[in-house]
Amino acid sequence: MFGLIGHSTSFEDARRKARELGYEEYADGDLDMWCAAPPQLVERVTVTSRTGKQIQGAYIDSVFVPEMLRRFKTAKRKVLKAMELAQKSGITITALGGFTSIIFEDMNLLKEERVSAVELDWQRFTTGNTHTAWVICQQVETNAPALGIDLASAKVAVVGASGDIGSAVCRYLQRRGIGELLLVARRPQPLIELQANLGEGRILGLEEALPEADVVVWVASLPQSLQIDTSSLKKPCLMIDGGYPKNLDSKAAAEGVHVLKGGIVEFWQDIGWQMMEVAEMAKPQRQMFACFAEAMLLDFEELYTNFSWGRNNISLEAMDRIGEASLRHGFRALALSDQATPALATA
Ligand code: NDP
């Protein structure tokens, strides 16, 4: 059985959802009440691969909302309690979605093996980052040529290059062969190490990298205050919005700038679940985050292991392995042609 741990995109959304589901007490409750609330297993589902194989899964709402990010103890407890519930529910492989994997890594929750009486078995969990990185690379490879961008000579800026997903994307694009990799993040040292590891790539600040880039892969959570001078961007420019939350379209809206929601896959048929409604997918019945799909793929493949775990461990072999499984079971990466945006009309 596979599991997905997620959360609402905002406190307001979470309260609206609670009202729709008839939980009036929660709908009227304040943030303190939500901080104290336990995780909920809200949905069970059966999923059929294109191969015909069927698996069962469950969605666990961690009852975390981004407004709790600064309440460190609460954020940590929410993630661990949701993992405990997944394990106690007998789920064999569970993906940590949205902010939950970031909280897990940033707060070093590997130290917290025991939650109440339960010893967490890390083999049952995955960040889903290997599949996310593979999907983002597919999105670059498919959509850049569709805009007339020749990847063999293109400059690709990876914002968040030193991160888990970003470094994997850099390695994959390097193997594929592109014009030049532009490496962007805030701290210089991890970028210098990545550059040494790759044996190539130019380290630049965001403001310097953007005007040079034909393709920008965003794999960092962006600050609300970020402003992009769209007049300085190349046209066409493909921007893959791989961070969470996905808020790049409002910041980079301009003719010739094509923003694609990154790390999103579409399944070959409707699944008959409610869980992606909260994630604001265009087709919530068959679209989902690639990290969630990784848990399904591991279940389909009977690979009961923490396939994606820790930081900067994603190998090209693992990306190829999960990518091949992704296609075989009926997933495909979201494309610009799936998004009915005015920008596409000018493509
Ligand atoms: P990591 O923490 O491993 O890496 C984050 C990277 O972003 C680091 O290189 C970091 O470096 C950089 N970064 C952070 N803030 C900024 C900033 N303001 N400007 C420039 N660079 C910045 O995270 P992951 O690789 O695990 O995840 C990356 C993003 O992808 C997250 O937003 C995550 O939520 C999202 N994600 C999306 C999924 C999906 O859509 N399917 C699935 C999984 C994750 P430094 O700190 O030095 O700046």
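**View 1. Strand β14 (residues 264–267) and β15 pair in the antiparallel sense over 3 bridges.** Everything here comes from a predicted model, where local features need pLDDT of at least 70, side-chain atom pairs count only at pLDDT 80 or more, and totals for chains, interfaces and linings use all residues. Residues are numbered from 1 along each chain as its sequence is written, and side-chain values use heavy atoms, with hydrogens and water left out. Helices (H or I, at least four residues) and strands (E, at least two) are DSSP runs, numbered from the N terminus; two strands pair if DSSP finds at least two bridges between them. Look for Val265, whose bridge partner in β15 is Met288. α11 packs on the sheet here, touching β14, β15 and β16, and its direction makes about 95° with that of β15. Contact means heavy atoms within 4.5 Å. Axes are lines fitted to C-alpha atoms, for helices over the stretch in contact, and angles run from 0 to 180 degrees between N-to-C directions.

**View 2. Three strands make an open sheet in the order β15-β14-β16, with antiparallel pairing.** β15 (287–289) and β16 (331–333) stand at the edges with a single partner strand each, so one side of each has no neighbour in the sheet. On average, neighbouring strands of this sheet are turned by 35° against each other, direction ignored. α6 lies across β14 and β16, running at about 90° to β14.

**View 3. Here helix α6 (residues 129–146) crosses helix α11 (residues 290–300).** Their axes come within 7 Å and cross at roughly 120°. That makes α6 and α11 oblique to each other (angles under 35 degrees count as roughly parallel, over 145 as roughly antiparallel, 65 to 115 as roughly perpendicular and the rest as oblique). Which residues of α6 meet α11? They are Asn129, Thr130, His131, Thr132 and Val135, and they meet Ala290, Cys291, Ala293, Glu294 and Leu297 in α11.

**View 4. A second open sheet has 6 strands in the order β10-β9-β8-β11-β12-β13, with parallel pairing.** β10 (202–203) and β13 (257–261) are at the edges, each with a single partner strand, so one side of each is left without a neighbour in the sheet. β12 and β13 pair in the parallel sense over 5 bridges, and Cys237 stands opposite Val257 in β13. α6 turns up again in this view: it lies across β11 (215–218), β12 and β13, running at about 160° to β12. Helix α7 (residues 164–176) packs on the sheet too, touching β8 (155–159), β9 (180–184) and β11, and its direction makes about 160° with that of β8.

**View 5. Helix α5 (residues 99–106) is largely enclosed by the rest of the structure, because 6 of its 8 residues are buried.** Buried means under 20% relative accessible area, exposed over 50%, partly exposed in between (1.4 Å probe, protein chains only). The buried ones are Phe99, Thr100, Ser101, Ile103, Phe104 and Glu105. Their cover includes β1 (2–6), α4 and β4 (93–96). After α5 comes Asn108, with a positive phi near 50°.

**View 6. Strand β2 (residues 40–48) and strand β3 (residues 54–61) run antiparallel, joined by 8 bridges.** Leu41 stands opposite Ile60 in β3. β2 and β3 form a hairpin with 5 residues between them, and Gly52 in the turn has a positive phi of about 100°.
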